[in-house]
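Welcome! Please have the sequence and the 3D view at hand, and let us walk through a few local features together.

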Amino acid sequence: MGKSQSRVAGVALFVAGWMLLFWTGRSELFRDPGTFWHLVVGQQILRTGQVPRVDSFSFTFGGEPWESQWWLAEWAMAALYRVGGWDLLLVVTVTLIAAVYGAIGARLLAAGLRVLPAIVVLGLVVAAGSPQFHVRPLVVTTALLYATMALLVEIESGRVGVARLWWTVPLVALWANCHGGVLAGLGTAGLAVAGWMAAAWLGRPSPLDCRAKQLSAGAAVAASCAAVLANPYGLDLVRGWFRILSLPLHDLIQEHARLSLREPVGWMVAGLAAVYAATLLAVPRSRVRITWLLPLVWLVLACQRVRNAQLFAITAAVAWSEMLPCSRLSQWLASRDLLTTGGPEPTRCSRPAARLALLGSLGAVLLLALGASRPFGPGEDRWARFSPSRWPVELLGELARIQQIEPAGTPIFNDMAFGGFLVYHAPRLRVFIDDRCELYGGSFLAEYDEARRGAPARIDPWRKRHGFRYALVESNTPFDWYLVSHPDWALIGRTRVAALYGPPGEKDARAGITLPGSSPARVAARAGIP
């Protein structure tokens, strides 16, 4: 494939990916509860001009110290929302994700892969990371980790100088104020530089082949580490990152669960890992580079927390595109016309292709805006959708009624899955819990997890302690089974995903509706109520 054909194919992959992500992401990108409270925090920052320092959403930990580790990304979310509502947030998120994976596709094509095998490999990379595709600050880590890994392989290949490593300093300063995933960038860069130094000392090929370059690279990494302190919270922000990492969240939050082959993402990661390992093993030992080994670290971390699978996929794809031409596997692929050449090095992704991708994304946004029936704006969303199979949108009317008849700050018991939903849609209520795990701490989270799994009666001492009169819980769960037959609670409304309860005497047309498998007798039996 010639250079011009490669550019066209790369742009085509970007455009196709953008359109696919936009169409499927209209609801799929809005399935994370953090999306809602991230936006509300950003709105508070826009309104007050100050970052939050205490919790203002819950009644369980209200007023307790809390740092918003994502404040800059939240501010950006709120600014975009003010201009274009959820639709603009959707478009920007889709564009960022498509740009990252479009760039990976361009690298695969530049390595010599034909379009079809490039699409297959890119599909594995996308599938491994897709559970983390959400409208939330994590998308910043997706983009900046790719930029970091791409920079490292460019330096080690000799296509750019070691001095370019100093670009990581402002990158880290920006990253640290957007998402705690900056630790991933620092760790990746630090391991690469340490490996280069060790290779140089051992007399192996290394971009740090002289003392001046070693000092420059070491100073750049040290300055990048110091750059994380360029934030409004200082060291408290860093402590918050490690507080999250230390919490036992494997059984409570899906994205913190261990990688499992019983889930589709586990098979995608395993398939990508097999392709990566086979290619690495087929590279002559003398030609192996340090950056090609970095994905092994992320593979281990992905096995511990599934949220790291996306980071493994990105680093593995960048490394794979670099080492494929140096691997004996390239000869096998070339013999089957799956690779254009078995040449020694891939060419650098062209700037014209990147410009075309940028112009393509801006053009797509413009066309969508011009073709819309109504102008952008909050409340004027045409594309963003909140799926009733994930969110209790049918209960918004009842939540609005509760906010009208109850004073501001009224507490409501809720499952963690609906904390962010309530923070955004019912701002006059105060929640029991949400997914800001660093705020609630390990003991409180463990108590809640035990209650939701099999000890729902704990809601009674919690109600006595905090005085809440309403509850929004997931349908057909121990909490639901317990409350539906409890004399002190009345069912206000029920959807496929949630049940809303209030004090006895609350009436609603939906109170008599039961879903399949949730008849009063069966619910009472499941709850152990005679």
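## A strand covered on both sides

Strand 1 has both of its faces covered: Thr410, Ile412 and Asn414 are buried on one side, and Pro411 and Phe413 are buried on the other. In a regular strand, side chains alternate between the two faces of the sheet. Helices (H or I, at least four residues) and strands (E, at least two) are DSSP runs, numbered from the N terminus.

A word on the source: this is a predicted model, in which local features need pLDDT of at least 70 and side-chain atom pairs count only at pLDDT 80 or more, while totals for chains, interfaces and linings use all residues. Residues are numbered from 1 along each chain as its sequence is written, and side-chain values use heavy atoms, with hydrogens and water left out.

## Parallel neighbours

Which strands pair with strand 1? One is strand 2 (residues 429-431), which runs parallel to strand 1 and is joined to it by 3 bridges. Within this pairing, Ile412 has Val431 as its bridge partner. From strand 1 the chain passes through helix 16 (residues 419-425) to reach strand 2, and this β-α-β crossover is right-handed: with the strands pointing away from the viewer, the path from the first strand over the helix to the second runs clockwise.

Strand 3 (residues 470-474) also pairs with strand 1 in the parallel sense, over 3 bridges. Asn414 finds its bridge partner there in Leu472. Two strands are said to pair if DSSP finds at least two bridges between them.

## Loops worth a look

Asn476 has a positive phi, near 55°, in a residue other than glycine. It counts as partly exposed because its relative accessibility is 27%.

Asp337 has a positive phi too, about 60°, although it is not a glycine. Asp337 sits in the loop between helix 13 (329-335) and helix 14 (351-370), and with a relative accessible area of 49% it is partly exposed.

Is Thr495 buried or exposed? Thr495 lies in the loop between strand 4 (490-494) and strand 5 (498-502), and it counts as buried because its relative accessibility is 4%. A polar atom of the Thr495 side chain lies 3.1 Å from the backbone nitrogen of Val497.

Note on methods:
Buried < 20%, exposed > 50% of the residue type's maximum accessible area, 1.4 Å probe, protein only. Polar contact = N/O pair within 3.5 Å; in protein donor to acceptor, adjacent residues only side chain to side chain.
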